[in-house]
Amino acid sequence: MEENIKGRISVLSSHIMASEKAAALTAVPSDSPTIFDKIINKEIPCNVVYEDDKVLAFKDISPQAPTHILIIPKVKDGLAGLSKAEERHCDILGRLLYTAKLIAKQEGLEDGFRIVINDGPNGCQSVYHLHIHLLGGRQMNWPPG
């Protein structure tokens with residue numbers, strides 16, 4: 001029975017990854033509001049775990065680990081992805097990483113966690129608003145992709 005459950009989880013994981021890959025390959029960067037802009041503006045509900053004047057963090061609706069939180073800057077300021085970062089973005093980039101550390105502690109991830117930033121189609125980025133995935137609560141594998 002345990003093998004059957006593991007098999008189902010494997011199939012489901014493969015389907016989710018295929019869906020994410022398909023979404024990333026069809027996503028197009030634009031100046032239009034993203035789903036994250038709508039979440040920031042409270043047009044779409046989410047499960048907020050942290051918020052301050054610069055950053056919003058919420059639980060991913062399709063978690064890939066027991067703890068899977070997205071951390072986003074409240075103002076996009078040209079940061080569609082990490083490859084678009086300029087020197088003027090250093091403060092917010094540092095703030096995002098420090099926020100990840102605070103949330104990891106808040107979520108009880110003392111044994112470790114993983115930070116992921118997808119960038120561009122080959123990096124499996126499906127939303128063009130810089131965001132950090134904070135993953136934890138289980139043993140991570142290597143290589144990740």
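The legends below describe close-up views of a predicted model.

**View 1. The second largest pocket and the residues around its centre.** In this predicted model, the second largest pocket holds about 180 Å³ of space. Its lining is made up of 13 residues, and those nearest the centre are Lys 54, Val 75, Asp 77, Asp 91 and Ile 92. By residue class, the lining of this pocket comprises eight charged residues, four nonpolar ones and one polar one. Helix H3, which spans residues 90-106, supplies the largest share of the lining, namely three residues.

**View 2. The salt bridge between Asp 53 and Arg 95.** The closest N and O atoms of Asp 53 and Arg 95 are 3.3 Å apart. Asp 53 belongs to the loop between E1 and strand E2 (55-59), whereas Arg 95 belongs to helix H3, so the pair ties together parts that are 42 residues apart in sequence. Asp 53 counts as exposed because its relative accessibility is 58%, while Arg 95, at 29% relative accessibility, counts as partly exposed. The model contains six salt bridges in total.

**View 3. Arg 88 with its partners Asp 77 and Glu 86.** Asp 77 forms a salt bridge with Arg 88, in which the closest N and O atoms are 2.6 Å apart. Asp 77 and Arg 88 both lie in the loop between strand E3 (67-73) and H3, and the two residues are 11 residues apart. The side chain of Arg 88 also meets that of Glu 86 in a salt bridge, with an N to O distance of 2.9 Å. Asp 77 counts as partly exposed at 40% relative accessibility, Arg 88 is partly exposed with a relative accessible area of 49%, and Glu 86 is likewise partly exposed, with a value of 45%. A separate view would be needed to follow the network in which salt bridges with shared partners join Lys 42, Glu 51 and Lys 74.

**View 4. Lys 42 in the loop between helix H2 and strand E1.** The loop that holds Lys 42 runs between helix H2 (35-40) and strand E1 (48-51). Lys 42 has a positive phi of about 65°, although it is not a glycine. Most residues other than glycine have a negative phi. With a relative accessibility of 52%, Lys 42 counts as exposed, because the cut-off for that class is over 50%.

**View 5. Backbone geometry at Cys 124 and at Pro 143.** Cys 124, which is a residue other than glycine, has a positive phi near 70°, and its place is in the loop between strand E4 (113-116) and E5. The peptide bond from Trp 142 to Pro 143 is cis, with omega near 0°. Most peptide bonds are trans. Pro 143 is placed in the segment after strand E5 (132-136).

**View 6. A nonpolar surface patch that includes Leu 97.** The patch has an area of about 380 Å² and is made by Leu 82, Leu 97, Phe 113, Ile 115 and Ile 117. Among these residues, Leu 97 lies in helix H3.

Key: Residues numbered from 1 in each chain as written. Predicted model: local features only at pLDDT ≥ 70, side-chain atom pairs only at ≥ 80, totals over all residues. Heavy atoms only, no water. 1 Å grid on protein atoms, 1.4 Å probe; cavity = no way out; pocket = protein on both sides within 12 Å on 5 of 7 lines; lining within 4 Å. Points joined across faces, edges and corners; volume = space filled by probe spheres on them. Helix = DSSP H or I, 4+ residues; strand = E, 2+ residues; numbered from the N terminus. Nonpolar A, V, L, I, M, F, W, Y, C, P; charged D, E, K, R; others polar. Buried < 20%, exposed > 50% of the residue type's maximum accessible area, 1.4 Å probe, protein only. Patch = residues over 30% accessible without salt bridge, like charges linked within 9 Å, V, L, I, M, F, W, Y side chains within 5 Å. Areas by Shrake-Rupley, 256 points an atom, 1.4 Å probe, with all protein chains shown as cover. Salt bridge = Lys/Arg side-chain N within 4 Å of Asp/Glu carboxyl O.
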